[in-house]
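Hello,

Here is the structure I promised to pass on. Please open it alongside this note, and I will walk you through what turned up.

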Amino acid sequence: MAEIEFENIWARYGLRDSPYNVKALSLIGSFNIEDVFCGREEELKVLGNRIHSTESSRTLIVGEIGTGKTTFANYLRWLLTRKNVKETKFLTLVDEMKVRDDWDYNKFLRETLFEIYNSSKIFNWEAQGIKFKTLDVIKNNLDLFLTKDIGLKETEITISNHEEKIKKDIPSELLRSWFLQLCEEIKGYNKSFIFHYNNLEAIHPEKLGALFMSIKELIQIPNTHWFFLGPSDILSTIENKSQIHSIFHNHLMLEPLSEDEILKILKKRCNALKDKDVNYIKPYEDDTVKELHKKLNGNIRFIFKLLEDTTNCLSSVTCKATIQEINAIQEKEKRKILSRLNENQQKIIALLIERGEMTLTELSDGVDIKPQNLQKDLRELRGKTFIAFRDNPDDKRSKLVRLSQNTYLSFVFSQEKSVALMEYLIKTYTNEDDLVLDNCMGSGTTGVACKNLNRDFIGIEIDEKYFKIAKERINDALATDSAVGDKK
Ligand SMILES: Nc1ncnc2c1ncn2[C@@H]1O[C@H](COP(=O)(O)OP(=O)(O)O)[C@@H](O)[C@H]1O
Ligand SMILES: [Mg+2]
């Protein structure tokens, strides 16, 4: 068999890996968080002080996707818990909790308890003298927690298996009592838990309000501190409900980092990734980063993704990722992708880019195709995550643009910004299969959202047709998913 050599393109620069990884920094990650974290001094101080000076706190951390919310919360949790377990006043979860649209009181508790259990194992609290009796109880009941959760079980699409169902339900009262016991136990050690919940935008605003109402008591228990992260739209959900609003401390709004801070991050990352045996060549120009910073409103995720994609296409280190390079390469990518669409699909996309979002009727008029003749193409576009639907025109949460498996970029759908940015996105962002989309996930799309987090979108108003589409869409997503698995 012929040997295939895979070139690590970063080796050309003397790096072990890409400096442009857009994953949030975490407590246990590929980068040491303390080596590469930059900025946010003020916010760290505010929230750090709050946690040190209160016995229980609840903070909303808001900002656009890709500005560094998760990283910020993780870094603060790292700072507060980095000392050895005996010395620190806090214990925290290894990973942030990813909130899903199907979360209710029961799931919130169940997932949280399971993550506490996990974290106790990974951080090895017991070996360091912190032993929770309640975690033994959870351990003895672990099969209840471990049932395969595909995230779609409440939808009609999944064939529900009676036995599975019984296994999956743990009475809320039981979960609650375990949680309360854990909080008592940690109090006994004179420590507090710090919890971190990501992606609040994944829950429909109404459901989010209801969830907060149901967990109101839990999140006020002494010796617990709670971070909830999401785009600033979630503020209105909380502010509209005075009973919830009143239990929250002032929220923290994270603004994009400055260009200097982003340059600093890149420098630190390259330093951390340098391979000592190979000559280092800086893989980017400061000016390019600065220009991208301006163009993309400081969104790190977007900036890094562009740099990464472009660098991947460069044939040698002598070509740097300049703005011209970036534009040219992304333009080629865009054409490649658009050329794979049929004529009607291209028309649909063109109109959507031009107008932003629209109803099915408007779309149909605009492209001059009857609604019923659009269904198939819309479904296909949706399957490719080019477009999404939302069921409620008032649902004005931020739009999300899907960049690739784990990267999302959001922008507020304000008139001027959206069209320009959409255009830019389509121009710049398209790798195989992960397509630009502006979205607003409504309850109709819950299933798919739960399944694969495709929250990308373009709105089509609620009507029966929509409902059918949503249903088919979920089926498509499921079918595509398993097909991918099979192929491998
Ligand atoms: N303060 C920071 N210092 C270093 N890197 C950061 C910082 N904030 C964000 N990043 C990087 O930017 C990217 C996006 O951050 P992330 O926390 O995922 O944003 P958000 O949660 O707001 O979507 C990640 O790759 C992360 O490592
Ligand atoms: Mg995040």
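Over how many bridges do strand E4 and E5 pair, and in which sense? Strand E4 (residues 192-198) and E5 pair over five bridges in the parallel sense. Here two strands count as paired if DSSP finds at least two bridges between them. Helices (H or I, at least four residues) and strands (E, at least two) are DSSP runs, numbered from the N terminus.

Before going on, a word on conventions. This is a predicted model, where local features need pLDDT of at least 70 and side-chain atom pairs count only at pLDDT 80 or more, while totals for chains, interfaces and linings use all residues. Residues are numbered from 1 along each chain as its sequence is written, and chains are lettered from A and ligands numbered from 1 in the order in which they are written.

Back to E5. Strand E1 (residues 56-62) runs parallel to E5 and is joined to it by seven bridges. A residue is buried if 20 or more other C-beta atoms lie within 10 Å of its own, exposed if 12 or fewer, and partly exposed in between, with C-beta atoms placed from the backbone. Both faces of E5 are covered, with Thr224, Trp226, Phe228 and Gly230 buried on one side and His225, Phe227 and Leu229 buried on the other.

For the overall picture, the protein chain has 21 helices and eight strands. Of its 488 residues, 40% count as buried.

The largest nonpolar core has 74 residues, and Ile61, Tyr197, Leu200, Phe227 and Ile303 have the most contacts inside it. Helix H14 gives the most to this core, with six residues. Such a core is a set of buried Ala, Val, Leu, Ile, Met, Phe, Trp, Tyr and Cys residues joined through C-beta atoms within 7 Å. Ile303 is in contact with Ile262, Val289, Leu292, His293 and Leu296, leaving aside neighbours within four places in sequence. Contact between two residues means that their C-beta atoms, placed from the backbone, lie within 7 Å. A second, separate core of eight residues includes Ile348, Ile349, Val367 and Leu374.

Now to ligand 1. Domain 1 (40-253) and domain 2 (257-333) both give residues to the shell around ligand 1, so the ligand lies between them. The domain bounds come from an automatic or database domain assignment. Of the 22 residues around ligand 1, Ala24, Gly68, Lys69, Thr70 and Thr71 come nearest; a residue is near a molecule if its C-beta atom, placed from the backbone, lies within 6 Å of it. The largest share of the shell, three residues, comes from H3.

Finally, one residue to look up: His249, in the loop between helix H11 (242-245) and strand E6 (252-253). His249 is partly exposed, with 16 other C-beta atoms within 10 Å. Not counting residues up to four places away in sequence, His249 touches Arg50, Ser57, Arg58 and Thr59. Arg50 is 199 residues away from His249 along the chain, yet their C-alpha atoms are separated by 8.9 Å.

Happy browsing!
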